[in-house]
Amino acid sequence: MKIWQASNGELRRVLEGHVFDVNCCRFFPSGLVVLSGGMDAQLKIWSAEDASCVVTFKGHKGGILDTAIVDRGRNVVSGSRDGTVRLWDCGRSACLGVIADCGSSINGVAVGAADNSINLGSPEQMPSEREVGTESKMLLLAREDKKLQCLGLQSRQPVFLFIGSDAFNCCTFLSGFLLLAGTQDGNIYQLDVRSPRTPVQVIHRSGAPVLSVLSFRDGFIASQGDGSCFIVQQDLDYVIELTGTDCDPVYKVATWEKQIYTCCRDGLVRRYQLSDL
């Protein structure tokens with residue numbers, strides 16, 4: 001993994017230690033620490049200041065495909081090809097439990113604060129005191145077996161299970177009850193947790209896999225396997241296209257204030273500067 005100075009593209013740090021592919025990485029809220037997951041089934045925490053690997057979590061039996069950070073980062077969540085989602089204690093570098101075992105690859109995970117109207121259920125046993133910030137949180141899982149699963153992060157109880165048109169690749173929360181999830185056949189489902197049986201809307205722009213969805217302002221950004229990347233504003237009836245990639249998949253989108261960053265199979269990270277929309 002590489003850490004770049006965003007303003008000028010200067011390479012600042014190289015984080016080395018994973019074997020095989022690194023599938024996902026994100027900063028902790030502090031901006032000084034990085035969480036990564038790889039095909040070596042290892043979850044690692046790094047110092048962005050000196051590039052050292054501080055902690056390695058082991059326990060998954062398949063590659064880690066996505067992660068989520070709970071609150072300020074005392075706990076993190078990982079989803080794996082082994083079909084499990086695990087909750088980890090960063091301070092003690094220990095697994096606090098397997099939250100779900102789906103028997104199907106978990107391609108995407110998201111954690112969000114639940115609206116008060118949503119019943120997340122009660123835990124069957126007393127949560128560990130090492131769990132911090134898991135109460136009133138929802139966990140969303142994008143699964144390879146065409147299922148989108150939501151459960152209470154602390155309670156481990158099911159909230160809903162939605163069956164889509166194809167494998168779910170990615171998911172995100174828009175609010176305390178609205179969420180988005182993208183499928184392998186190009187559908188972006190918007191669901192309301194309070195009545196998840198029927199989607200609020202299904203957006204389909206092409207049959208290419210939806211690889212990344214991200215809440216942005218009062219809408220969202222999505223990227224697809226055909227190189228398209230676009231912004232949908234909820235109150236506007238048009239879409240903003242981010243150009244530059246030809247036909248290579250755009251794997252991931254990230255934002256910071258008015259900047260949008262994309263990473264593409266052509267090996268480039270692109271930065272877009274948005275004027276006021």
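**Close-up 1. Leu11 and the nonpolar surface patch around Leu11 in the predicted model.** In this predicted model, Leu11 counts as partly exposed because its relative accessibility is 39%. Leu11 belongs to strand S2, which covers residues 10–14. Together with Trp4 and Val14, Leu11 forms a nonpolar patch on the surface, and the accessible area of these residues together is about 270 Å².

Close-up 2. Ile45 lies 25 residues from Val70 along the chain, and the C-alpha atoms of Val70 and Ile45 are separated by 14 Å.

**Close-up 3. The two stretches, residues 15–56 and 57–89, that UniProt annotates as "repeat: WD".** The annotation comes from an unreviewed UniProt entry, which places this feature at residues 15–56 and at residues 57–89. Over residues 15–56 the chain is 50% strand and 0% helix, with the end C-alpha atoms 13 Å apart. Over residues 57–89 the chain is 61% strand and 0% helix, and here the end C-alpha atoms are 9 Å apart.

**Close-up 4. The salt bridge between Asp66 and Arg26.** Side chains of opposite charge can pair when their charged atoms come close. A search of the whole structure finds 9 salt bridges, and in one of them the side chains of Asp66 and Arg26 meet, with an N to O distance of 3.7 Å. This pair links distant parts of the chain, with Asp66 in strand S7 and Arg26 in strand S3 (residues 22–27), 40 residues apart. Asp66 counts as buried at 10% relative accessibility, whereas Arg26, at 31%, counts as partly exposed.

**Close-up 5. The salt bridge between Arg130 and Asp89.** Arg130 forms a salt bridge with Asp89, and the closest N and O atoms of the pair are 2.5 Å apart. Because Arg130 lies in the loop between strand S11 (106–113) and strand S12 (137–143), while Asp89 lies in strand S9 (residues 84–89), the pair ties together parts that are 41 residues apart in sequence. Arg130 is partly exposed, with a relative accessible area of 22%, and Asp89 counts as buried at 3% relative accessibility.

**Close-up 6. The salt bridge between Asp266 and Arg270.** The side chains of Asp266 and Arg270 meet in a salt bridge with an N to O distance of 2.8 Å. Asp266 is partly exposed, with a relative accessible area of 30%, whereas Arg270 is buried, with a relative accessible area of 14%.

Close-up 7. The structure holds 0 disulfides. Cys171 is buried, with a relative accessible area of 9%, and Cys264 is buried, with a relative accessible area of 7%. Leaving aside neighbours within four places in sequence, the contacts of Thr172 include Ala110, Leu140, Leu179 and Val213.

Technical notes:
Residues are numbered from 1 along each chain as its sequence is written. This is a predicted model: local features need pLDDT of at least 70, side-chain atom pairs count only at pLDDT 80 or more; totals for chains, interfaces and linings use all residues. Side-chain values use heavy atoms; hydrogens and water are left out. Patches are made of residues with over 30% relative accessible area and no salt bridge: like charges are joined within 9 Å, nonpolar side chains (Val, Leu, Ile, Met, Phe, Trp, Tyr) within 5 Å. Accessible areas come from the Shrake-Rupley method with a 1.4 Å probe; for residues, only the protein chains shown count as cover. A salt bridge is a side-chain nitrogen of Lys or Arg within 4 Å of a carboxyl oxygen of Asp or Glu. Helices (H or I, at least four residues) and strands (E, at least two) are DSSP runs, numbered from the N terminus. Buried means under 20% relative accessible area, exposed over 50%, partly exposed in between (1.4 Å probe, protein chains only). A disulfide is a pair of cysteine sulfur atoms within 2.5 Å. Contact means heavy atoms within 4.5 Å. UniProt positions are given in the numbering used here, feature names are shortened, and annotations may be inferred rather than shown by experiment.
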